[in-house]
Amino acid sequence: MSDVLETPASVTARSLRRSGRSPMPLRVEGLTLTLEGTLVLNDIDLALADDGVTAILGPNGAGKSLLLRCLHGLVTPTRGTILWHHEGRDHAPDLAIRKAQALVAQKPVLLRRSVLANLKFVAGLRRPRPSTDDLMQALREVRLEHLARQNARTLSGGEQQRLALARALLHDPRVLLLDEPSANLDPASTLLIETAIRAARAAGTKVLLITHDMAQARRLADDVVFLHKGRIVEHTSAAAFFDRPSSAEAEAYVKGDILL
Amino acid sequence: MSDVLETPASVTARSLRRSGRSPMPLRVEGLTLTLEGTLVLNDIDLALADDGVTAILGPNGAGKSLLLRCLHGLVTPTRGTILWHHEGRDHAPDLAIRKAQALVAQKPVLLRRSVLANLKFVAGLRRPRPSTDDLMQALREVRLEHLARQNARTLSGGEQQRLALARALLHDPRVLLLDEPSANLDPASTLLIETAIRAARAAGTKVLLITHDMAQARRLADDVVFLHKGRIVEHTSAAAFFDRPSSAEAEAYVKGDILL
Amino acid sequence: ADQFIVVQSTTSTQNSGLLDVILPEFTKKSGIEVRVVAVGTGQAIKNAANGDGDVLLVHAKPAEEKFVADGEGVKRFDVMYNDFVVVGPASDPAGIKGMTDAKAALAKIAEAGSPFASRGDDSGTHKKEQALWKLAGVDVKAAKDWYRETGSGMGATLNVAAGMDAYTLTDRATWLAFQNRGSLEIVTQGDDILFNQYGVILVNPAKHPNVKAEAGQAFIDWLIGAEGQSAIAAYKINGEQLFFPNATATN
Amino acid sequence: MQDFAQSFLLAGGLILEADPALVEIVLLSLQVTLSALLASALIGLPLGALLAVTRFPGRRALVVLTNALMGLPPVVVGLLVYMMLSNAGPLGVLRLLYTPTAMVIAQTILITPILIALTRQVINDLDQEYAETFRSLGVPAPTAIAALLWDGRFSLVTVLLAGFGRAVAEVGAVMIVGGNINHVTRVMTTAIALETSRGDLALALALGLILLTLALAVNALTSLINAPARMSGNVRRA
Amino acid sequence: MQDFAQSFLLAGGLILEADPALVEIVLLSLQVTLSALLASALIGLPLGALLAVTRFPGRRALVVLTNALMGLPPVVVGLLVYMMLSNAGPLGVLRLLYTPTAMVIAQTILITPILIALTRQVINDLDQEYAETFRSLGVPAPTAIAALLWDGRFSLVTVLLAGFGRAVAEVGAVMIVGGNINHVTRVMTTAIALETSRGDLALALALGLILLTLALAVNALTSLINAPARMSGNVRRA
Ligand SMILES: Nc1ncnc2c1ncn2[C@@H]1O[C@H](COP(=O)(O)OP(=O)(O)OP(=O)(O)O)[C@@H](O)[C@H]1O
Ligand SMILES: Nc1ncnc2c1ncn2[C@@H]1O[C@H](COP(=O)(O)OP(=O)(O)OP(=O)(O)O)[C@@H](O)[C@H]1O
Ligand SMILES: [Mg+2]
Ligand SMILES: [Mg+2]
């Protein structure tokens, strides 16, 4: 009874519709974040092109998630500037920026409602408002249509992660921020997500991807930002990073050695 | 500044101390679970030896986590029997069983306290009560000693998962139930966990491991339970499973095809 | 004070401010502190009958006599009197201003259907009011909207009367001390029938062994004695005397 | 002790014979309290959620203020409303004093701070979970508030019941603005106060028991309505 | 309107001159209410948490009952306590009637159901998160309750403040069992009731304002003590 079904062609199609939108490159200078006396992000400088997939790699606790949340405007840095170019001018990560982006958090929070109601809630924020048919289509794309009426809080780990992805894609984002999006996914769903990422990239969506799956990073990334203890140790092309990392830390990390 | 440090030798040592404890094999018959009208576990029969690593594999939503929670006594099945042999007699998964086991859940819940206080809380449940030194040692084993005083809720995803593991090991369990324990871990921490699992196994601890990482399952498992749509499709030795799975579902899953 | 007694009394004695003034004099002389619990007449008598007080000071003679007859109290003494007055809005819709015949005044109120606030709480004042209606030949049970039972104390009822421009019957002491008069003023007074007698009773120690008979009796003796009586007479608001001592047993 | 037994018998008797005077009073109590609760809920739930969700200078002070206003004495509320509604007051022309409407107004003022403060706490706890997601999605404050109130509705029931309890048990305010006028503004609590001052403690207590029975009925009803919904909306897995 | 202005002036004046009679009344109010709150907290917090955590037959009924008891009328509580403590009552020998202790007892009875019901709700929400972990770890109920109360302490502050508010504003119960005896059992609310019945509404309102100021001070103090702790114990990241 196994079956290979629907590569998410419609995800691709939707993403392609979006080409021609204004570019949204990023410039970060001196970004520093101190939480309760701990320096968790340390003088980060970073410039990202407005397309392609940037992988953010680094050991647990390196500061990847916090960096992503800073960039998205969820956490206010202690010092430094974050500037997204958007619709002709530079923005700090404000409401306009957040609305042009979509984040799939490391631990996605779903509303205490049905799966479909979770999407309906997000749909209500968009103009034009997607129809219920659109939402069911979005669920089909992440293979959750059979669970539409189930309470989202009772979904399995992988199902929750897929719902969070569907929610993010519904936002039709200019920049997609993915924090370990396939951590709880089975191999097939992982493929599905990777296909969706490729489709988004092809449609000109910028993707920032945090992952611990080196093979995945190799498959998807155009460039790699390697973070360690709150610092950017390396920022190079993916090819360069995986073939001959210039820092000892990155080399050890890729090999699976413990970094302290 | 990279460094390879301490393979968790002490984890091993502690586990070894435990040999000679009474065996704890499992027998499950006709286990069925219906939640809100949905049949999520369907007539499961299962017998597990009292040692070795059993990998529970299957696509998202197959019922792996719910099965584990049933076995541990967190969810009461609609029908069927679960019997752990323990200290000379058969037990349903009652308090005595839970106390002889330790679960690392898919989304571990940590108390709203410091990292150390989280361990202290669990230590308070044990006789003899582990000293603070013991707890710091446990933290060192999962490389969290530098975060001992931090609020556990502010830990990074991987750090939280490691703390949950330390908490489980502190319980000195006879059976270790691990639900995707390395989902958010960096490669080094994944190695660390795998070493800990091997050490536990060597010391005679039974390990039930849910994972989507096929390579990891291959490295660790003695036998594999393959779950699909709430049914056990296959239960064989790991070697047999990965080389020539007997069911089409398992074959497709291992290949990364979408299962419906 | 090293010793104290509890006096169960009604709100009129407290609201008028009388007790605040005269009690310290007694305490200074005797060393006995007087703790006053000021509640509705019915409640005061009930509390005393439970033995939760040493002395009862109220103004409902029949109920007081029954209290003694039931063996709850030792003996009743007259202490003082004041009088009831009918107060009403300055506009005087019933046209009774200046009347001295209370029952005729009430009859006119009923005839005009002017709002009247009744305490409706079986207090001494309420009982007096009921008696007056009866004399006036008015059946308030059958009355329409104009007759409002507030079911509360004198002060609260005066607040209601002030709030809705109603007539009401009040004791003069409470009225003189009352500040939220609105447009109310005295419209009828001076009828002998409006006489309001206060009595004092020692709660029966034979029945309630905890009663501080000696101290309680000392207070009663003081109150109906020369000092107490003159203290009562001396209490004035705006130059007007509120209570008129009339104890007979001046021993 | 004898009094207690007597009160229970009295209460039972009164309930059984469904004394029309008593029924009138019970119905007015319910009507006034439920009206006040409705008005308070319409004001307090959104405001409480707003306080939980938004951050602005002076918010902390407002939180302290609403918490403190939970200690608003009924008599003071009664006086305030009395002064507003009395003929001499600014709203005297409305002629609302000594009407059930005045009682509703007083109770609304009394319990609104309670609803605000408790709602703020409940919604704050839920918002800890939702806030970042809402921020990421760019959810406007009104939408966020509506979503939080909806998703927190099972916890908010207890908040509403606390408000109901305070209002239905309250006597100081309704006594002053209602006047405890027989057949017009006499409710359970003012009737109890009246019987107490009459010294008829047994009857007062019996009325109190009936009032409690009433509160019990309302609570049981709420619990019944709530139960099936809560079950299917259960947040915890399995 | 003039009345309001007058009341504010009066209140200001009374506070400024720190009238010793007033200070005595204020201190007694605080002492009685805080004692009652302490007693209620010792009873109500564990019981509320117990109701939240345990499952047993009749639990639902108990929850409905405590919710309903939030509507316990103060006058009824006063009467009950009066009947117990009266010389004619079973505890008359203790001679507690018309003492501050009696007032503490009455207020404790009054607010304990409120603390139980609200604590149950708060702890229930937290327990949704912790329950399964505790079950897995084999945490015994008392330990679980202690942990939940501790980890929920910031939310429970609002519950305690609700209890404080109810107690400090309450007049019906303390009036009956305290007797509003000058220098002995006169508290803010009974003083307000007295001035109201004297028709001195401005003074009554002024006392009410002072009572509110008192509640405000207690709340602000709580908030100050709470603030640094809450910050470092913040559950939300960043
Ligand atoms: N409030 C806080 N106070 C102190 N330290 C904090 C706080 N919040 C986060 N940190 C620390 O900041 C570091 C970076 O956290 P972050 O979540 O960004 O890590 P990460 O790189 O995403 O790790 P992972 O791969 O495990 O998800 C961690 O070590 C974490 O413990
Ligand atoms: N209360 C519920 N009502 C209906 N269905 C439920 C309920 N709880 C769980 N399920 C469903 O049961 C199925 C099994 O869930 P479970 O968490 O065991 O999956 P899993 O195999 O662990 O998946 P994953 O790999 O994603 O963690 C899922 O499809 C889930 O949606
Ligand atoms: Mg992270
Ligand atoms: Mg799972």
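Okay, let's start in chain C, where helix 5, residues 102-112, packs against helix 6, residues 124-136, at an angle of about 80°, with the two axes 8 Å apart. That angle makes helix 5 of chain C roughly perpendicular to helix 6 of chain C. And before I go on, keep in mind that this is a predicted model.

So who makes that contact? From helix 5 of chain C you've got C:Ala102, C:Lys103, C:Leu106, C:Ala107 and C:Ala110. Helix 6 of chain C brings C:Leu132, C:Trp133, C:Leu135 and C:Ala136. Sort the residues of this helix 5 and helix 6 contact in chain C by class and you get eight nonpolar, one charged and no polar.

Now let's zoom out to the chains. Eight pairs of chains touch, and the pair with the most contacts is D and E. Chain C has no contact with chain A, and their closest C-alpha atoms are 51 Å apart. Chain C has no contact with chain B either, with 52 Å between the closest C-alpha atoms.

On to the ligands. Which chains surround ligand 1? Residues from A, B and E do, so that site is shared between chains. There are 24 residues around ligand 1, and the ones that come nearest are A:Lys64, A:Ser65, B:Ser156, B:Gly158 and B:Glu159. Look at the backbone in chain A: a backbone N or O atom of A:Gly63 sits 2.8 Å from an oxygen atom of ligand 1. For A:Leu66, a polar backbone atom is 2.9 Å from a ligand 1 oxygen, and for A:Ala62 the figure is 3.2 Å, again from a polar backbone atom to an oxygen of ligand 1. On its own ligand 1 exposes 650 Å², and the protein buries 97% of that. Strand 2 (38-48) and helix 2 (64-72) of chain A, plus helix 6 (157-170) of chain B, each give two or more residues to the ligand 1 shell.

Then ligand 2. Here the surrounding residues come from chains A, B and D, so this site is shared between chains too. Of the 24 residues around ligand 2, the closest are A:Ser156, A:Gly158, A:Glu159, B:Lys64 and B:Ser65. If you like side chains, a polar side-chain atom of B:Asn60 is 3.0 Å from an oxygen atom of ligand 2, and a side-chain N or O atom of B:Gln106 is 2.9 Å from a ligand 2 oxygen.

Technical notes: Residues are numbered from 1 along each chain as its sequence is written. Chains are lettered from A and ligands numbered from 1 in the order in which they are written. This is a predicted model: local features need pLDDT of at least 70, side-chain atom pairs count only at pLDDT 80 or more; totals for chains, interfaces and linings use all residues. Side-chain values use heavy atoms; hydrogens and water are left out. A residue is near a molecule or strand if one of its heavy atoms lies within 4 Å of it. A polar contact is a pair of N or O atoms within 3.5 Å; within protein, one must be able to donate a hydrogen and the other to accept it, and residues adjacent in sequence count only if both atoms are side-chain atoms. Accessible areas come from the Shrake-Rupley method with a 1.4 Å probe; for residues, only the protein chains shown count as cover. Helices (H or I, at least four residues) and strands (E, at least two) are DSSP runs, numbered from the N terminus. Axes are lines fitted to C-alpha atoms, for helices over the stretch in contact, and angles run from 0 to 180 degrees between N-to-C directions. Angles under 35 degrees count as roughly parallel, over 145 as roughly antiparallel, 65 to 115 as roughly perpendicular and the rest as oblique. Contact means heavy atoms within 4.5 Å. Ala, Val, Leu, Ile, Met, Phe, Trp, Tyr, Cys and Pro count as nonpolar, Asp, Glu, Lys and Arg as charged, and the others, Gly among them, as polar.
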